[in-house]
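Open the structure in your viewer and keep the selection tool at hand. We will go from stop to stop, and each stop says what to select and what is there.

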Amino acid sequence: MPPRKRYMNYFGNDRRATALKPEYALDRADQLISVGQEETALMALYNIITDNTQRKRQWNVKYEGIMMKLMELCVKNRRQTLIKEALHKYRALCSTQNVASLEKVVRYLVKEGISKAEEARRSIMGEVVDGTGNDDLEEIGMETTETLLLEAAGAEQSKERTDRQVVVPWMKFMWEVFRVVLDIVKFHSKLETCYHDMAKQAFAFCQKHNRFSEFRRLCDILRQHLSYLTRPQQKNANDVQLSNPETTQNFLETRFLQLQTSVELRNWQEAYRTIEDIHMLISLAKKMPKAQTMGIYYERLTQVFWMSKNYLYHAHALYKLYSLNIKQNKSLSAEEAKNMATRLLLASLCVPPFDAHSAILADSIGLNHAGDAAGENAARHARMAAILGYSTPALRSTLIDDIRQKKILEVCHDEVKILFPILEVEMEPLKLSERLKPALEFVANNPVLADYAEPLKRIAVFRLLEQLGKVYNVMKVSEVGKVASFTTVAEVERTALEALKAGSLSIRFDHQYDCIIFESSLFSTSAMKEQLMNLGKRLEVASKMWKLPSFSNAEAKLQARRTAAIQMARAMSATEQDENLRRKNIIELRKEEQERQSHAAEMQRQAAIAKKKRDDYERTRQREEQEQRDRERQRTKEQEEQQRRQLGADQEAAQAAEEPEDSFEKQRIQLEKEKEEEIRAQREAEKKVAVFVEKFDFLERALREENKPLMAQVWTTRCEEQLAYHAASSEALIAKKRTEHEQGLARKAMLVEQKDSIKMFTDALIKTVDEQLEKLSVELREKEEREAQLRLEEEERRREEQAREKQRREEEEQRREEQRLEEEQRRAEEAKVVEQAAKREVELAKAREPENIPSNEPSDVPAKPTVPAPRAEPFVPPQRAAGIPEETPSALGQTGKAHAPALFGRKIEGGWRERVAAKKRQEQNQSQ
């Protein structure tokens, strides 16, 4: 065997030759690489790591060097399959002895892969840019037959093919490396930091290269890992424990980076799923995250809810963010607070009074507006409310009430403050556009608030239609466009349609008559009946007052009753005040009792929690001590057994073996003493904590006793202030009521004087409306008659056209049939002529055949006729066909060229077709 083949077989092909001696593997690999055998060196190193013949292998530093070299070669040749198998084997090898070595190998692998990929990109592009787009890496790396043919036809390579041949394979390789690495380092507590670092690098890879599909798969992988850790099943001792605060914090940091990446990639669905994961981790954590972290959380929530057009939870997320910044952010400036308050106000006003998502769901699956659609969305609302920390689904009314109570409106910009009373308090439809346009212009021109302009217009349109429905029954579309001049009629119709689907408005657009019909419940049977009853009662009271003999006496009696009531109220005010003070004292005492009970319950709960923690700690400590003693005992037994196997039977060896046993026993006793000292110190610390708690209780009680007289003094001062306030408010109320009574009397006198005018105006209005209604009905009847006449004329015209069309088709069919018959007759005649010409030629050929047969007999003896052989269409010379005797060759030679026209110069028609056509024309002339 040649030396080179023997060398290769020894180092590359013989698995046992390399697996038995890993200490020589690196030198052999370097030698193979130096002679250009990288693949052989790679397989040699791979066989050493994946060798299963030695089941009791132990880790040493040599294996780490082999793995480093193997990872380098695998990255250079893009062998992700070998990387996966080698890492799994190496994890099993070093998981019990040195897990840090696996972390070192993994980090080196990712670093080498990233550097090689960037180097490849720079070599073809000059700079690192993204050239692969958003396509899936599993699809864009395929070379199809069509692409190969098209690219082979071109003179130069395109950028797309260069990416597919050079860049895409490296990106696919790096994606596989990240998947393998995350699968290798998951769940191990000592590799927790490495796991989160690899996840962050994978996020950076997806964000840098705009990998949308790979980022979604990466999030699914991380979500599967997290779901495994949250299962209540039995786990290994080295598994990651989510009960550890540091572990929870690491997972939160990774998820927040994942959320940021999803927002950068505009993957809003994955962002919402990530927010759910963050909420779950926060609920599992023993302490709340930092205020800065929660601020980022709420800020991302606002973005996700805004992109999903869920304005209700977008506004609640902004409210949470605003409250958090006001309480925790000490560096918040006044301008920033004003912008946040303005944004919160606009977001709250943009929330529609109806559930737009329920309306969309009802329209898509055919459910009822307010029943089944709301039931379908109950789970969705509960889940989103839990993300925001609410126990019940969020409501628009609660958000508006919070804005009023906390006086957030006072902090907003002055140009926006007017929106709240316009849309929520007082609605004047005819002046809405004029008052709303300045605020909408300010919002649209502000870059921070510009996104809220269109939703505000829709809410204003809804409020406008709602108010118009209470006043009008029918209204022209042009009039509605004038009232809602701040938007378009199409936007008005779209908003009305959404509100109609949600069951918030009863409105109908009649495009035939160009009007809007408000189907208000005010004119329903029950509502109309109630209105008529109220009107009848009030008219009855008014008529009785009008028919009294002396209205002035009634007013005097009414004034006397009012004076008596005021005097009685003044007499009872002292008694009522004492009763109110007594009730207030009782309420305060009950509150103090409840506070004491709640404080006692809280102390008991904290004591129970502390006791439970101490018990858990004690059990954990005892279990750890027992485990430590068991390990020490097992280690001692193993060491004693090992010493017994190695020592001989001589006396010196036995004495030498006894000394280590004594030293091990002393060491064990010393460890037990140290443990007892540690336990004693722990108990003393617990006693000190109990003494401190007792001292704190005494101090709190003393402070309460000292504060008691001060509280009584404060109570007396408050009572005096309340009495003074009550007296002043009573006098103000009496004066206000007196003024209102006087104004009412004056208004009554004015209305009595205008009663006749009102009746005249009402009669005139009713007469005008009746005339207009009659005129409209006449016009409607005339219009219907004209339309009926037009329909009859159109039907008659359509019937005539159909009859003409039918007659035309029949004539066309008859003409085509005649042409077809003529064509068939012509073809039959041509065939007949051709057949006759062919027969004639055959007969002529038969007649000429005996003249061409040579004969050796005398000329006077008649030659025996012979039957000529059949021929296919023989050529008939013209002179023979015309009966001219045939010339002999000698005669032809004598006559020469001068006689040729006599033989062949007769009139010859071009072919048999021409002859047939001429014959046919001749027969037609004869028949005529």
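Which residue in β3 stands opposite Lys476? Select Lys476 and look across: Cys515 is there.

Before the next stop, note that this is a predicted model, where local features need pLDDT of at least 70, side-chain atom pairs count only at pLDDT 80 or more, and totals for chains, interfaces and linings use all residues. Residues are numbered from 1 along each chain as its sequence is written, and side-chain values use heavy atoms, with hydrogens and water left out.

**Stop 1**

Select β1 (474-476), β2 (507-510) and β3 (residues 515-518). Strands here are DSSP runs of E with at least two residues, and helices are runs of H or I with at least four; both are numbered from the N terminus. Two strands pair if DSSP finds at least two bridges between them. The three strands make an open sheet, ordered β1-β3-β2, with antiparallel pairing. β1 and β2 are the edges: each has a single partner strand, so one side of each has no neighbour in the sheet. Neighbouring strands are turned by 20° against each other on average, direction ignored. That angle is taken between axes, which are lines fitted to C-alpha atoms (for helices over the stretch in contact); angles run from 0 to 180 degrees between N-to-C directions. Strands of a sheet pair through backbone hydrogen bonds, either parallel or antiparallel.

Now count the bridges. Three join β1 to β3. Four join β2 to β3. Select Arg508 next: its bridge partner in β3 is Ile517. Then follow the chain from β2 to β3. The two form a hairpin with four residues between them. Asp514, in the turn, has a positive phi of about 55°.

Show the side chains of β3. Cys515 and Ile517 point one way, Ile516 and Phe518 the other, and all are buried. Buried means under 20% relative accessible area, exposed means over 50%, and partly exposed lies in between (1.4 Å probe, protein chains only).

**Stop 2: salt bridges**

How many salt bridges does the structure hold? There are 43. Each is a side-chain nitrogen of Lys or Arg within 4 Å of a carboxyl oxygen of Asp or Glu.

Select Arg79 and Glu39. Their closest N and O atoms are 2.6 Å apart. Arg79 sits in the loop between α5 (61-77) and α6 (80-94), while Glu39 is in helix α4 (residues 38-49), 40 residues apart. Arg79 is partly exposed at 26% relative accessible area. Glu39 is partly exposed too, at 38%.

Move to Arg179 and Glu176, a salt bridge with 3.5 Å between the closest N and O atoms. They are three residues apart in helix α10 (residues 159-185), so about one helical turn separates them.

Next, select Glu424 and Arg396, which meet in a salt bridge at 2.5 Å, N to O. Glu424 lies in helix α23 (residues 419-425) and Arg396 in helix α21 (residues 396-405), so the pair ties together parts 28 residues apart in sequence. Arg396 is buried at 14% relative accessibility.

Finally, pick out Asp220, Arg223, Glu270, Arg273 and Asp277. Salt bridges with shared partners join them into one network.

**Stop 3: aromatic rings**

Rings of Phe, Tyr and Trp (its six-membered ring) pair if their centres lie within 6.5 Å; planes under 30 degrees apart count as stacked, over 60 as edge-to-face and the rest as tilted. The count comes to ten aromatic pairs.

Select Tyr195 and Phe251. This pair is tilted, at 6.4 Å centre to centre and 50° between the planes. Tyr195 is in helix α11 (residues 192-208) and Phe251 in helix α13 (residues 245-264), so the pair ties together parts 56 residues apart in sequence. Both residues are buried.

Then take Phe203 and Phe215. Their centres are 6.0 Å apart and their planes at 65°, so this pair is edge-to-face. Phe203 is in helix α11 and Phe215 in helix α12 (residues 212-229).

**Stop 4**

Select helix α20 (residues 378-387). Its buried residues include Arg380, His381, Met384, Ala385 and Ile387. They cover an arc of only 155° around the axis, which puts them on the same side of α20. The arc is that of the directions from the helix axis to the C-beta atoms. Just after α20, Gly389 takes a positive phi of about 90°.
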